[in-house]
Amino acid sequence: MDDIKTTSEILSRLGELEGVTARLRKGRVTAVTPALTVSVAGSGDYAARTLDNRAYALNDVVLVAQWSGQLVVVGALTSAGGWRNVGDAGEPAFQNGWGNYGPTYQRVSFGRRGDRVHIRGVAAKSATGTLIQTVFTLPAAFRPARNEMRACIAADPNPSLARVEVATDGSVIVVATSGNTLVSLDLSFDLL
């Protein structure tokens with residue numbers, strides 16, 4: 001399910017809350033484990049339930065229906081706070097000698113909009129070696145329901161294609177066709 005875009009979609013989702021007079025508010029997801037917690041400006045943090053089976057991520061901006069101290073997430077307004085850079089504090093670490101290619105190239109990052117995850121950036125490994133390696137591991141809210149596979153450009157010294165797989169455990173795996181040491185990641189997939 002994509003982010004909420006229209007008033008009719010909001011009303012349709014609220015129709016699932018039969019007999020409830022609710023106040024609509026904007027909130028931000030502040031915790032996902034052990035239970036979903038949403039912060040509502042001026043009202044504090046609340047344990048929340050959802051109207052769908054969607055996995056929400058930290059910093060998702062959500063529309064909530066609030067009544068009698070209960071909070072129901074109706075849907076996402078924006079997801080996962082934009083792009084998250086691999087290797088930054090609090091984000092997934094690079095693995096197996098992989099890192100960003102250089103300061104003038106796009107950093108390896110990932111983001112989510114609704115139920116669609118995007119991965120971008122140029123990853124480089126410090127030395128040649130095993131051709132099948134995990135570059136980093138996505139957090140739980142960004143993992144596909146089934147393994148995904150895409151072709152991406154690899155290079156250094158010669159351009160070629162590399163297979164990039166995203167496993168259900170979140171592993172982003174590069175399967176290079178030669179001893180290439182950099183891969184341009186540009187892929188997206190649906191969570192469902």
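Author: Start with the contacts (heavy atoms within 4.5 Å). Among those in the chain between residues at least 6 apart in sequence, 57% join residues at least 24 apart. This is a predicted model, in which local features need pLDDT of at least 70, side-chain atom pairs count only at pLDDT 80 or more, and totals for chains, interfaces and linings use all residues. Residues are numbered from 1 along each chain as its sequence is written, and side-chain values use heavy atoms, with hydrogens and water left out.

The score here is pLDDT, the predictor's confidence in each residue, from 0 to 100. Its mean over the chain is 78. Of the residues, 73% reach 70 or more. Confidence is highest in strand 7 (residues 98-100), at a mean of 93. It is lowest in helix 1 (residues 7-14), at 56. Where pLDDT is low, the predicted coordinates should not be read in detail.

Of the 192 residues, 46% are buried. Here buried means under 20% relative accessible area, exposed means over 50%, and partly exposed lies in between (1.4 Å probe, protein chains only).

Now the rings. The structure holds three aromatic pairs. To pair, rings of Phe, Tyr and Trp (its six-membered ring) need centres within 6.5 Å; planes under 30 degrees apart count as stacked, over 60 as edge-to-face, and the rest as tilted. Take Phe 110 and Phe 136. Their ring centres are 6.0 Å apart and their planes meet at 20 degrees, so this pair is stacked. Phe 110 belongs to strand 8 (residues 109-113) and Phe 136 to strand 10, so the pair ties together parts 26 residues apart in sequence. Phe 110 has a relative accessible area of 0%, so it is buried. Phe 136 is also at 0% and counts as buried.

Phe 110 has another partner, Phe 142. This pair is edge-to-face, at 5.0 Å centre to centre, with 80 degrees between the planes. Phe 142 sits in the loop between strand 10 and strand 11, 32 residues from Phe 110. Like Phe 110, Phe 142 is buried.

One counts as over a ring if NZ of Lys or CZ of Arg is within 6 Å of the ring centre and within 35 degrees of the ring normal. The charged end of Arg 112 sits over the ring of Phe 142, 5.8 Å from its centre. Elsewhere, Arg 120 lies over the face of Trp 83, 3.7 Å from the ring centre.

Next, the core. A nonpolar core is a set of buried Ala, Val, Leu, Ile, Met, Phe, Trp, Tyr and Cys residues joined through side-chain atoms within 4.5 Å. The largest has 26 residues. Phe 136 is among those with the most contacts inside this core, along with Ile 119, Leu 138 and Val 183. Elements giving two or more residues to this core include strand 9 (116-125), strand 10 (132-137) and strand 11 (148-155). Strand 14 gives the most, with four residues. Val 183 shows how the packing runs. Leaving aside neighbours within four places in sequence, its contacts include Trp 98, Val 122, Cys 152, Ile 153, Val 164 and Val 174. A second, separate core has eleven residues, among them Val 40, Tyr 56, Val 62 and Leu 71. In soluble globular proteins, nonpolar side chains tend to be buried together.

Leu 131 is in the loop between strand 9 and strand 10. At 34% relative accessibility, Leu 131 is partly exposed. Its C-alpha lies 5.5 Å from that of Val 175, 44 residues along the chain. Arg 49, in strand 3 (residues 44-50), is partly exposed at 45%. The C-alpha atoms of Arg 49 and Val 72 are 5.0 Å apart, across 23 residues of chain. Asn 96 occupies the loop between strand 6 (84-85) and strand 7. Asn 96 is not a glycine, yet has a positive phi of about 55 degrees.
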